[in-house]
Amino acid sequence: MHRFWIPERMVKVIFAVMTFILLVEHSFVRSHDKDSKPTEQPKSSSTTLDSTGPDCVNSAGQVTAPETCTIPSQVTLKFTQKFMRAVHNTLSTSDLNTVMSAVKNLEMALERTSFSEPESLNEGNLTAYLHRADKSSGNMSIYANDSKANTNASQVLNSIVQVTLPEELVAAIENTTVVFCMIISPKQYENVTDGRIIGVSVSGKNVSGLKSPVIISVHVGPLVSRTPKCVFYNFTSSNIEDSGCSTRWIAGEDLVICSCDHLTYFAVLMVSPNNVSEKDKVVLSYISQVGCSLSLLFLVVAVILYFVKWRSSPDQSQKVHISLAVALILLNGHFIMNDLVVNVQTACIYVAVLLHYSLLATFTWTGIEGFHLYMLLLRVFNIYIRRYLLKLSLVGWGVPAVVVILIFIIDKHVYLNVGSSSGNSSNTQVCYISSGVVKNVTIFGFFCVIFAFNMGALVVVVRTLFFKRPVFPGQHQKRRAKDVCTILGITCLLGITWGLIFFPFGQLSTVGLYFFCIFNSLQGE
């Protein structure tokens with residue numbers, strides 16, 4: 001048996017190759033493990049003004065996107081003043097929710113500001129105050145005017161606002177930062193007294209359920225026929241609410257006292273006195289929904305019958321009536337949809353725009369009805385106008401469209417900031433235009449013009465029926481009853497019943513509301 005012999009040199013070569021392969025494999029494994037592990041970023045140290053993070057300060061050293069940027073863990077007064085300036089710039093350009101997000105971030109910046117002595121800061125429409133709490137003083141009060149705030153009343157001339165924190169809260173927040181922040185006259189809040197929103201926070205803590213409430217005293221201007229109501233901004237729901245707050249106010253005085261069991265941003269709303277009971281509200285809502293549904297049904301039937309039977313009729317009056325019917329179909333349909341889409345932002349915006357448009361179109365076509373009635377009664381022998389119906393349609397559908405488009409171009413937030421009822425006396429949500437100025441100009445002002453013209457047309461009809469037309473013997477009572485029914489029908493056709501809600505000469509009574517709901521349902525029937 002022969003022994004297999006391997007040369008010594010070959011053994012050394014094989015050993016060297018095996019060692020090399022093992023080293024390469026080991027190196028690859030280590031490299032692979034290193035790449036598979038997440039890369040650890042070095043922890044950033046506490047930052048100051050000159051190290052404010054990429055989210056807040058741009059290359060020019062200005063604060064950008066104050067509503068979304070990340071606040072450093074520690075900032076200086078200089079940075080906070082820059083941040084206040086950025087927030088101030090959003091007040092006239094942003095919607096309520098964006099503004100309040102920026103204010104919430106400002107509150108965080110104020111809480112993280114380094115200061116040794118109490119500081120009062122002011123930037124345009126913003127006033128802030130930083131104070132270190134001391135439980136030895138018992139209750140803590142902060143006084144403020146439009147440009148300054150302080151815990152010492154003598155340091156604030158003509159104080160407008162006073163916030164008093166109860167002793168139980170002050171004792172629990174010793175040596176922590178108390179932040180007072182006040183927004184003044186942002187244009188989005190027409191129903192907020194003097195546009196003033198007041199916020200108090202304590203080191204970012206969620207303070208609620210206080211046994212002794214926080215007292216906010218606000219001096220307001222003349223209230224005319226409206227009454228004040230204490231509310232707060234809910235950052236969770238992005239709505240203005242009043243839970244946990246009560247209002248004390250004596251008619252004729254300018255001091256409103258709000259008592260709230262939590263800390264957040266407070267305001268005083270100006271609301272119309274509401275004398276309608278909860279039972280009447282339910283009944284009125286039921287009448288409105290049923291009435292609008294019936295009106296919508298009859299209007300749709302009328303339009304279908306017109307296109308099936310009378311479309312070829314040369315009667316121009318029928319075409320004018322059908323155009324008004326289509327406008328009322330749009331109005332009633334979007335009114336009924338309101339409750340269904342109020343919690344869906346996109347759909348709510350759509351309904352707000354179309355509801356505004358259809359209401360303007362309804363008013364316009366009632367005005368056209370008055371104009372057409374004038375042409376029939378006073379220009380019997382000279383009524384021909386070239387392309388008469390086309391011109392009426394351009395006015396009836398075009399004018400409302402132009403108004404809505406112009407509003408959207410000038411201030412789109414009128415339609416975008418919908419879904420809440422900051423302008424209402426209750427917390428009922430509604431998809432409708434949010435600006436009181438737009439309502440007064442485009443709805444009330446526009447209706448006044450239409451109402452005046454149509455009242456003139458109605459007077460002409462009454463004179464013609466009761467004073468100028470001869471009545472044959474024996475037909476007096478029958479003819480007068482028919483004339484009265486004609487007047488009632490024309491009154492609804494011309495939209496005169498809308499005057500019940502627009503010209504109540506004060507708060508519309510409950511009886512007036514019932515008449516308004518019933519008569520305006522009859523406009524489509």
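Cysteine 245 counts as buried because its relative accessibility is 15%, where buried means under 20% relative accessible area, exposed over 50% and partly exposed in between (1.4 Å probe, protein chains only). This is a predicted model, in which local features need pLDDT of at least 70 and side-chain atom pairs count only at pLDDT 80 or more, while totals for chains, interfaces and linings use all residues. Residues are numbered from 1 along each chain as its sequence is written, and side-chain values use heavy atoms, leaving out hydrogens and water.

The structure holds two disulfides, a disulfide being a pair of cysteine sulfur atoms within 2.5 Å.

| Disulfide | S to S distance |
|---|---|
| Cysteine 230 and cysteine 258 | 1.9 Å |
| Cysteine 245 and cysteine 260 | 2.1 Å |

Cysteine 245 sits in strand β11 (residues 245-248) and cysteine 260 in strand β12, so their link ties together parts 15 residues apart in sequence. Strands (E, at least two residues) and helices (H or I, at least four) are DSSP runs, numbered from the N terminus. The torsion about the S-S bond of cysteine 230 and cysteine 258 is about -80°, so that disulfide is left-handed. With 120°, the link of cysteine 245 and cysteine 260 is right-handed.

Now for the largest nonpolar core, which has 46 residues. Such a core is a set of buried Ala, Val, Leu, Ile, Met, Phe, Trp, Tyr and Cys residues joined through side-chain atoms within 4.5 Å. Helix α7 gives the most to this core, with 11 residues. Leu359 is among the residues with the most contacts inside the core. Beyond its neighbours within four places in sequence, leucine 359 is in contact (heavy atoms within 4.5 Å) with Leu331, Tyr432, Ile443 and Trp498.
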